Amino acid sequence: MTEPVTTLDTRFSDPDAAPTDWHETRQALETAQLFWISTVRGDGRPHATPLVAVWLDDAIYFTTGPDEQKAVNLRGNAHVILMTGCNQWDSGLDVVVEGQAVEVTDDELLQSLAGAWRTKWDGRWHYEARDGAFFHESGGTALVFKVEPAKIFAFRKGAFSQTRHRF
């Protein structure tokens, strides 16, 4: 991925704020243990739920069961927002990723992603990749989705700044 165009939105930033650089934003995505995903139901109502995800090769990947609400929603509308950060007002960095979720079915990529899940969570998430999906050792199928960001917002708290990374 080429470096995104990074700009500071001065309307929502302290007068002396600087934009959050891409390296710091990417690091937040790589190390986040929890994300919230927002999808849209068929009738237009929003749906949000927490999940674990992996940032790999300039995209974010997440899983869902085939019959879970987010999977049902994605069949009709692939637009998603993934968010991570902290719930403190005066410190930390919140990151919002906008893009489209595309199902991953390539077994070679899925093998790599299964390894990334095991590594990131010290083996607590163990998937087997086969037949275009993840299979959990305790049973059950998980679909895997890839989101290549269209844009990413980084919201720094304390010295408030709103940064936009456009791809």
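**Entry 1: aspartate 94 and lysine 157**

I started with a pair of charged side chains: aspartate 94 and lysine 157 meet in a salt bridge, with N to O at 2.9 Å. Aspartate 94 sits in strand 7 and lysine 157 in the loop between strand 10 and strand 11 (161-166), so this pair ties together parts that are 63 residues apart in sequence. I note here that the model is a predicted one.

Next I asked myself: is lysine 157 buried or exposed? I found lysine 157 at 11% relative accessibility, and because buried means under 20%, lysine 157 counts as buried.

Glutamate 24 and arginine 156 join their side chains in a salt bridge, 2.6 Å from N to O. I placed glutamate 24 in helix 1 and arginine 156 in strand 10 (residues 141-156), so the bridge ties together parts that lie 132 residues apart in sequence. Glutamate 24 has a relative accessible area of 29% and is partly exposed. Arginine 156, at 21%, is partly exposed too.

Glutamate 98 forms a salt bridge with lysine 151, and I read 3.8 Å between the closest N and O atoms. This pair links distant parts of the chain, with glutamate 98 in strand 7 and lysine 151 in strand 10, 53 residues apart. For glutamate 98 I wrote down 24% relative accessibility, which makes this residue partly exposed.

A reminder to myself: side chains of opposite charge can pair when their charged atoms come close.

**Entry 2: serine 13**

I then turned to a polar side chain. Serine 13 belongs to the loop between strand 1 (5-8) and helix 1 (22-31). At 13% relative accessibility, serine 13 counts as buried.

Which backbone atoms lie close to a polar atom of the side chain of serine 13? I found the backbone oxygen of aspartate 9 at 2.7 Å from such an atom. The backbone nitrogen of glutamine 162 lies 2.9 Å from a polar atom of that side chain.

**Entry 3: a negative patch**

Last, I looked at charge on the surface. Asp106, Asp107, Glu108 and Asp131 gather there in a patch of negative charge. I located aspartate 106 in the loop between strand 7 (93-104) and helix 3 (107-120). Aspartate 106 has 44% relative accessibility, so I logged this residue as partly exposed.

How values were computed: Residues numbered from 1 in each chain as written. Predicted model: local features only at pLDDT ≥ 70, side-chain atom pairs only at ≥ 80, totals over all residues. Heavy atoms only, no water. Patch = residues over 30% accessible without salt bridge, like charges linked within 9 Å, V, L, I, M, F, W, Y side chains within 5 Å. Areas by Shrake-Rupley, 256 points an atom, 1.4 Å probe, with all protein chains shown as cover. Salt bridge = Lys/Arg side-chain N within 4 Å of Asp/Glu carboxyl O. Lys, Arg positive; Asp, Glu negative; His and termini not counted. Charge placed at Lys NZ, Arg CZ, Asp CG, Glu CD. Helix = DSSP H or I, 4+ residues; strand = E, 2+ residues; numbered from the N terminus. Buried < 20%, exposed > 50% of the residue type's maximum accessible area, 1.4 Å probe, protein only. Polar contact = N/O pair within 3.5 Å; in protein donor to acceptor, adjacent residues only side chain to side chain.
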